[in-house]
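Welcome, and please have the viewer ready. This report walks through a ligand site, a few backbone details and some residues worth a visit.

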Amino acid sequence: MNTLRVTGGRVLRPDGRVTESDVTIDRDAGTIVAVGDETVSDAEAGSDAEVASDGETLDASGSLVIPGLVNAHTHVAMTLLRGYADDKPLDPWLREDIWPAEAELTPDDIEAGAELGVVEMIRSGTTAFADMYFAMDRVADVVDRAGLRARLGHGVVTIGKDAEGARADVEESLAVARELDGAGDGRIRTAFMPHSLTTVGEEYLHEGVAEAREAGVPIHLHANETEDEVDPIVDERGERPIAYAQDLDALGPDDFFAHGVHLDGSEIDQIADAGTAIVHCPASNMKLASGMAPVQRLRDAGVTVALGTDGAASNNDLDVFDEMRDAAMLGKLAADDATAVPAEAVVEMATAGGADALGLPGGRIEPGAAADLAVVDLDAPHLTPVHDPVSHLAYAAHGSDVRHTVCDGEVLMRDREVLTLDAERVQERAATAASDLVDRVSES
Ligand SMILES: CSC[C@H]1O[C@@H](n2cnc3c(O)ncnc32)[C@H](O)[C@@H]1O
Ligand SMILES: [Zn+2]
């Protein structure tokens, strides 16, 4: 067996225990075959079940081995717009700043921004993400080269477009969903991605959702992000957005909605009954002053809650460690209860919850699971002493504490050096693309 062994570390297990165990990976299968003396059964592993001791090794001494983090909602190429427009609420921010800049984006820009975003994610221990944007063939190529997993989709906006333009946008999202599914040796999956229930017209939502169901791809959209998005739906339709999504057949068990800030009790019950996941984006929700999502209530109702950074223009980074801390802190404020959204809950949301929301493998370190993991160096002043490693993940660690990142059995970063992309070249290319973009926007 072509093995990778992660040795000498403490391992975060799916039940929250932390054990001193080596993790053995079958690199060809991209799966974990053993955690300590716990192995996949002979039946599962076939005749190769015996765990070999040769092969590559990653040193995890003094470190915590955790499932690769999942960034379940982003717009990865928006790294080019990091710090471009801050300190505004969602609607004017999009209309006055972001959409005019995005109108000038070329596929090369999107590739450059996506490369920068995936380098940032690999460096901070993220192994899977969901992305809604444009030029998704370029984004998929970047994901493939970087070695990550992703659920990708072209974002549809029909407001301001004529019927031909609107229909073409829906068709593009469906084509991306059909054609890119399974790319990157199966690490890339897709979804139909209408931007939101207010920025896509009803007839286009109906058509697109029906075709997505036929194609068997999930649906991802921004839902209940601001009151300004909820109110027009209530005023025009006499029903709340989640009921509207249900009428559209867009509220299914494989679907995942970003934000879910302004949800009432009946909407939480509808989401729980449907099995739809919510991707909580606490930093973006705070920065745009969108509101506080009812995370504890969602979890109490049995909803799968994942974490997302949203784009780097509303965050302003792609570090899921920050999202864990923000989710725990904001969750307590929202519930007016310091026991709400505890450390173990946000770690679960950033790992197994994220993988489950996206319908991707990973999120758990156990025999038979996908070999997606990050090794967090605990030997640092801000992580000393270690009373509780899970507390440190939620409240004290940063993405920069990640030492190694592995996805699908491949080492993407070893000792803080990204191996799959040339990080220096990526950074230079993105900086140039961003400054050229801003020049074009100011000339337009
Ligand atoms: C049509 S592709 C995705 C689209 O979404 C925009 N966007 C970025 N952040 C947010 C957010 O928090 N809410 C809604 N829309 C957002 C992005 O700029 C793209 O235009
Ligand atoms: Zn978003």
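## Ground rules

A polar contact is a pair of N or O atoms within 3.5 Å; within protein, one atom must be able to donate a hydrogen and the other to accept it, and residues adjacent in sequence count only if both atoms are side-chain atoms. With that in hand, look at T74: its side chain reaches the backbone oxygen of D310 at 2.9 Å.

This is a predicted model, in which local features need pLDDT of at least 70 and side-chain atom pairs count only at pLDDT 80 or more, while totals for chains, interfaces and linings use all residues. Residues are numbered from 1 along each chain as its sequence is written, chains are lettered from A and ligands numbered from 1 in the order in which they are written, and side-chain values use heavy atoms, with hydrogens and water left out.

## The ligand site

Let us begin with ligand 1. The space that ligand 1 takes is the largest pocket. Here a pocket is an open set of points on a 1 Å grid over the protein atoms alone, where a 1.4 Å probe fits and protein lies on both sides within 12 Å along at least five of seven lines. A molecule sits in such a pocket if more than half of its atoms lie within 2 Å of the grid points.

Which residues come nearest to ligand 1? Of the 20 residues around it, they are W99, E102, H195, E225 and D310; a residue is near a molecule if one of its heavy atoms lies within 4 Å of it. The residues of this shell divide into eleven nonpolar, six polar and three charged. In this scheme Ala, Val, Leu, Ile, Met, Phe, Trp, Tyr, Cys and Pro count as nonpolar, Asp, Glu, Lys and Arg as charged, and the others, Gly among them, as polar.

## Contacts and cover

Helix α2 (90–102) and strand β10 (126–133) each supply at least two residues of the shell, and the largest share, six residues, comes from α2. Helices (H or I, at least four residues) and strands (E, at least two) are DSSP runs, numbered from the N terminus.

Several polar contacts can be picked out around the ligand. An N or O atom in the side chain of E102 is 2.6 Å from an oxygen atom of ligand 1, and a polar side-chain atom of W99 lies 3.0 Å from an oxygen atom of the ligand.

D310 counts as buried because its relative accessibility is 5%, where buried means under 20% relative accessible area, exposed over 50% and partly exposed in between (1.4 Å probe, protein chains only).

## Backbone details elsewhere

R416 is partly exposed, at 35% relative accessibility.

Cis peptide bonds can be inspected too. One joins N315 and N316, with omega about 10°, and N316 lies in the loop between β17 (305–307) and α12 (320–335). Another runs from T384 to P385, with omega near 0°; P385 has its place in the loop between β18 (373–377) and α15 (389–395).

T276 is found in the loop between α9 (265–274) and β16 (277–280). Buried or exposed, at 1% relative accessibility? T276 counts as buried, and a polar atom of its side chain lies 2.8 Å from the backbone oxygen of G252.

A289, in the loop between α10 (282–287) and α11 (295–300), is exposed, with a relative accessible area of 66%. A289 and A274 are 15 residues apart in sequence, and their C-alpha atoms are 28 Å apart in space.

Definitions and conventions. 1 Å grid on protein atoms, 1.4 Å probe; cavity = no way out; pocket = protein on both sides within 12 Å on 5 of 7 lines; lining within 4 Å.
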